[in-house]
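Open the structure in your viewer and keep the selection tool at hand. We will go stop by stop, with something to select at each one.

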Amino acid sequence: MDISLTPETIFHFGSFPITNTLLITLIISAIIIVTSLFLKKNLKIIPTGFQNIIEYILESFLNLIDSVTHDREQTKKFFPLVVTIFIFIILSNWVELVPGLGTIGINVAKNGHSSFIPFIRSSSADLNVTLAIALISVFSAQFMGIAAIGAVKYAGKFFVNPFRKPYFIGTFVGVLELISEVAKVISFSFRLFGNIFAGEVLLLVMLELVPYFVPVPFLFLELFVGFIQALVFAMLTLVFLKIAVTETSH
Amino acid sequence: MELLNNLGVNGKLLLAQLVNFAILIWVLHKFAYGPILKLLETRTKKIEKGLKDAEKSQKKLAEIEEKEEKVLVKARKKAQEIIKKAEELAVENANEIVIVAKEQTEKMLDISQKQIKQEKEKILREVKSEIATLVVSASEKIIGEKLDSEKDQELIKHSLK
């Protein structure tokens with residue numbers, strides 16, 4: 001059993017490494033895109049079947065975001081980012097539940113000994129993916145903040161004049177805010193990565209120890225964890241967006 | 001950087017994932033959220049409008065029913081009035097007609113009685129005058145003949161009978 005912290009490279013495309021997580025990401029993206037195209041083509045004013053489910057999910061999110069922003073216009077601005085994060089992350093989290101996780105793959109001889117490279121690896125168990133989403137989430141918050149309250153006012157959140165009221169405390173808090181923006185990226189990406197990577201390892205170990213029946217409860221656990229982590233990522237993004245577009249009050 | 005490398009962070013892959021996710025957001029925004037949210041909105045509006053319309057039409061229906069009832073009541077009242085009036089008029093007319101008819105018959109009776117009387121008198125007068133002439137001529141004839149005693153006697157007897 002090989003457990004690798006990093007995603008395994010299946011082959012190289014020129015100098016570009018094609019990892020198993022990149023493949024999974026592309027497959028998930030393709031599924032989402034095809035589904036959305038199919039949905040758009042078959043959109044009906046009286047919904048049926050699949051459209052009902054999607055509408056229910058999207059409307060729930062609309063209400064959820066509304067309950068945070070209290071503003072329909074803002075909701076419409078935040079909606080694409082927050083919901084895409086949720087959908088993409090929940091699908092990539094649930095990839096670890098696909099049968100064949102860690103078992104279907106190829107053996108590659110490397111440095112004298114052969115190592116096993118699985119094809120299926122949850123893309124959330126790749127720091128590149130989680131970091132990319134975290135960067136998009138945090139940078140979107142910066143851009144939306146600047147667009148909503150102006151560059152000067154937005155910068156004023158972080159750079160506070162030490163000679164005005166609350167004096168040095170204000171300046172210090174501003175610097176802390178600046179650091180926390182960077183910390184957000186790290187906490188976002190490592191939280192998701194850690195949870196899903198741990199889940200994968202757990203499932204693999206369980207499968208190795210007791211192949212039958214015992215891994216089932218852990219599958220349910222991971223189903224739950226995958227949902228929670230996706231929701232946490234989306235909700236935190238939403239809250240950070242809301243904080244970014246809100247002016248500081250003194 | 002060493003740490004990130006050990007954790008599997010690779011600049012190329014990171015960039016690829018960034019682009020990937022950005023495209024995903026754009027596509028979903030364009031093809032899923034936009035149309036579906038729009039649809040939801042239009043449906044909500046439609047349902048709202050439908051409910052409002054239904055309420056309105058119900059109100060209107062109630063109003064119309066009320067009006068109808070009023071009109072019906074009015075019409076019934078008027079019809080009764082008209083019937084009553086017609087009955088009264090008819091009774092009056094009938095009385096009048098009867099009275100007129102009575103008068104006319106009485107008049108006609110009167111006239112006919114008078115005529116009958118006049119005719120009678122006329123006939124009587126004519127009969128009288130005729131009888132007189134007859135008597136005269138008869139008596140002339142009788143007197144012109146020889147009056148014997150026998151005949152005389154007979155005449156007397158006859159007259160006496």
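The tour starts with the whole of one chain, then moves through its parts and ends at the contact between chains. Keep in mind that this is a predicted model.

**Stop 1: chain A as a whole**

Select chain A. Its C-alpha trace spans about 65 × 55 × 40 Å along the principal axes. Follow the chain along the sequence, and the pattern reads β-β-α-α-α-β-β-α-α-α-α. Of the 250 residues in chain A, 33% are buried. Now think about contacts with a separation of 6 or more: in chain A, 65% of them join residues 24 or more positions apart.

**Stop 2: the hairpin**

Select residues 9–13 and 16–19 of chain A, which are strand 1 and strand 2. The two strands pair in the antiparallel sense, over four bridges. Pick out A:Thr9 and find its bridge partner, A:Thr19, in strand 2. Then pick A:His12, whose bridge partner in strand 2 is A:Pro17. Two residues sit between the strands, which form a hairpin. One to click in the turn is A:Gly14, with a positive phi of about 70 degrees.

Is strand 1 of chain A buried or in the open? Of its five residues, the number buried is zero, so strand 1 lies largely in the open.

**Stop 3: a loop residue, A:His70**

Move to A:His70. It is in the loop between helix 2 (49–69) and helix 3 (72–94) of chain A. A:His70 has 9 other C-beta atoms within 10 Å. A residue with 12 or fewer counts as exposed, so A:His70 is exposed.

**Stop 4: helix 3**

Now select helix 3 of chain A. At 1.5 Å a residue, its 23 residues should span 33 Å. The end C-alpha atoms are 31 Å apart, which agrees. Where is the kink in helix 3 of chain A? Go to A:Phe78: a kink of about 45 degrees lies there, shortly before the proline A:Pro80.

Beyond its neighbours within four places in sequence, A:Ile85 is in contact with A:Ile133, A:Ser137, A:Phe233, A:Ala234 and A:Thr237.

**Stop 5: helix 4 and A:Met144**

Select residues 127–149 of chain A, which are helix 4. Its 23 residues should span 33 Å at 1.5 Å a residue, and the end C-alpha atoms are 33 Å apart, in agreement. Just after helix 4, A:Gly150 takes a positive phi of about 90 degrees.

Within helix 4, click A:Met144. Why does A:Met144 count as buried? It has 20 C-beta neighbours inside 10 Å, and a residue with 20 or more is buried. Draw a distance from A:Met144 to A:Lys77: the two are 67 residues apart in sequence, yet 8.8 Å apart in space, C-alpha to C-alpha. Setting aside neighbours within four places in sequence, A:Met144 is in contact with A:Lys77, A:Leu241, A:Ala244 and A:Val245.

**Stop 6: the nonpolar core**

Next comes the core. The largest nonpolar core has 49 residues. Select A:Phe79, A:Val82, A:Ile85, A:Phe86, A:Phe88 and A:Leu241, which have the most contacts inside it. Helices 1, 2, 3, 4, 6 and 7 of chain A each supply at least two residues, and so does helix 2 (11–144) of chain B. Helix 3 of chain A gives the most, with eleven residues. In soluble globular proteins, nonpolar side chains tend to be buried together.

**Stop 7: another loop residue, A:Phe213**

Go to the loop between helix 6 (167–209) and helix 7 (215–245) of chain A and select A:Phe213. Its phi is near 65 degrees, a positive value in a residue other than glycine. A:Phe213 is exposed, with 7 other C-beta atoms within 10 Å.

**Stop 8: where chain A meets chain B**

Finally, show both chains. How many residues does each chain bring to the contact? Chain B gives 27 residues and chain A gives 36 residues. On the side of chain B that touches chain A, 20 residues are nonpolar, five are polar and two are charged.

How values were computed
Residues are numbered from 1 along each chain as its sequence is written. Chains are lettered from A and ligands numbered from 1 in the order in which they are written. This is a predicted model: local features need pLDDT of at least 70, side-chain atom pairs count only at pLDDT 80 or more; totals for chains, interfaces and linings use all residues. Two residues are in contact if their C-beta atoms, placed from the backbone, lie within 7 Å. Ala, Val, Leu, Ile, Met, Phe, Trp, Tyr, Cys and Pro count as nonpolar, Asp, Glu, Lys and Arg as charged, and the others, Gly among them, as polar. The expected span of a helix is 1.5 Å times one less than its number of residues. The bend at a residue is the angle between axes fitted to the seven residues ending there and the seven starting there. A nonpolar core is a set of buried Ala, Val, Leu, Ile, Met, Phe, Trp, Tyr and Cys residues joined through C-beta atoms within 7 Å. Two strands pair if DSSP finds at least two bridges between them.
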